[in-house]
Amino acid sequence: MHKIDLIALDREDRPFLLVEAQRRPVPAPEALTILQELSEAREALPYGRAIRFGMIADPDSIHLYDLDRDPHRPLASWDTGEILGHYAPDIPSSLHGPRGVPADSIAGLIGSWLRDIGHRWKSPTPPGLGDWQTLGLLSRLTDGSTLSEVPLGFDALR
């Protein structure tokens, strides 16, 4: 892993969520490997171990994990088509089409979703809003931002 697809930052520009997007469905054993890579990647980013959450998004589902507590069981899961279709209506039919959707497009739409939750730019009640509130993470997204394709290294967030 040479880059993080997406990083969510709180209103004070502190990273708290790393997102990995995949073009194809991710089986459970592969998800554990990706989560291990995300956990290890924290060491190459400012605030390192303070980044507690990881997300894997694929054409089927979006899973949110606590990297420090139990990476074997997601804290929350959402249907990718339902969430991303709110931001790009043609996405649900494309996710499983012959060409699929590139991982960077999935990551970009995840960024739109997270920014919508944090700023309500598209909807007063973005999809999944209640889940983020229940998890106690809504305040981290509120007035936050995202960074895309962040290279790993000491200057990653500068």
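What is the volume of the largest cavity? In the predicted model examined here, the largest cavity has a volume of about 50 Å³. The count of cavities of 30 Å³ or more comes to one. Its surroundings are described below, after the overall architecture.

The protein contains six helices and six strands. Along the sequence, these elements follow the pattern β-β-α-β-β-β-α-α-α-α-α-β. Taken along the principal axes, the C-alpha atoms occupy a box of roughly 40 × 35 × 30 Å. The radius of gyration is 14 Å, which agrees with the value near 15 Å that a compact globule of 158 residues would have. Of the 158 residues, 47% are buried. Among contacts with a separation of 6 or more, 59% join residues 24 or more positions apart.

The lining of the largest cavity consists of A8, L9, L114, R115, G118, H119, L141, G144, S145 and T146. Two or more of these residues come from each of strand 1 (3-9), helix 4 (103-119) and strand 6 (145-151). Helix 4 makes the greatest contribution, with four residues. By residue class, the lining comprises four nonpolar, five polar and one charged.

In soluble globular proteins, nonpolar side chains tend to be buried together. In the present model, the largest nonpolar core has 32 residues, and those with the most contacts inside it are L17, M55, W78, I110, W113, L114 and W132. Helix 4 gives the most to this core, with seven residues. Another core, of 16 residues, lies apart from the largest one and includes I4, I7, L38 and Y65.

Leaving out residues up to four places away in sequence, M55 touches L17, L18, V19, E20, L38, I62, H63, L64, W78, I110, W113 and W132.

Beyond residues up to four places away in sequence, I117 touches P126, P127, L129, W132, L138 and L141. Apart from neighbours within four places in sequence, S112 is in contact with Y87 and W121.

Two residues in loops have a positive phi although neither is a glycine. For R120, phi is about 55°. R120 lies in the loop between helix 4 and helix 5 (129-134) and, with a relative accessible area of 31%, is partly exposed. For D143, phi is about 65°. This residue is located in the loop between helix 6 (138-141) and strand 6, and its relative accessibility of 45% makes it partly exposed.

Exposed positions were found in other helices. P29 is part of helix 1 (residues 28-41) and counts as exposed at 59% relative accessibility, because the value is over 50%. P29 and H72 are 43 residues apart in sequence, and their C-alpha atoms are separated by 9.6 Å. S93 belongs to helix 3 (residues 91-95) and is exposed, with a relative accessible area of 60%. S93 and P15 are 78 residues apart along the chain, with 32 Å between their C-alpha atoms.

Note on methods:
Residues are numbered from 1 along each chain as its sequence is written. This is a predicted model: local features need pLDDT of at least 70, side-chain atom pairs count only at pLDDT 80 or more; totals for chains, interfaces and linings use all residues. Side-chain values use heavy atoms; hydrogens and water are left out. On a 1 Å grid over the protein atoms alone, a cavity is a set of points where a 1.4 Å probe fits but cannot get out, and a pocket is an open set with protein on both sides within 12 Å along at least five of seven lines; lining residues have an atom within 4 Å of a point. Grid points are joined across faces, edges and corners, and a volume is the space filled by probe spheres set on the points. Ala, Val, Leu, Ile, Met, Phe, Trp, Tyr, Cys and Pro count as nonpolar, Asp, Glu, Lys and Arg as charged, and the others, Gly among them, as polar. A nonpolar core is a set of buried Ala, Val, Leu, Ile, Met, Phe, Trp, Tyr and Cys residues joined through side-chain atoms within 4.5 Å. Buried means under 20% relative accessible area, exposed over 50%, partly exposed in between (1.4 Å probe, protein chains only). Contact means heavy atoms within 4.5 Å. The radius of gyration is taken over C-alpha atoms; the globule rule is 2.2 Å times the number of residues to the power 0.38.
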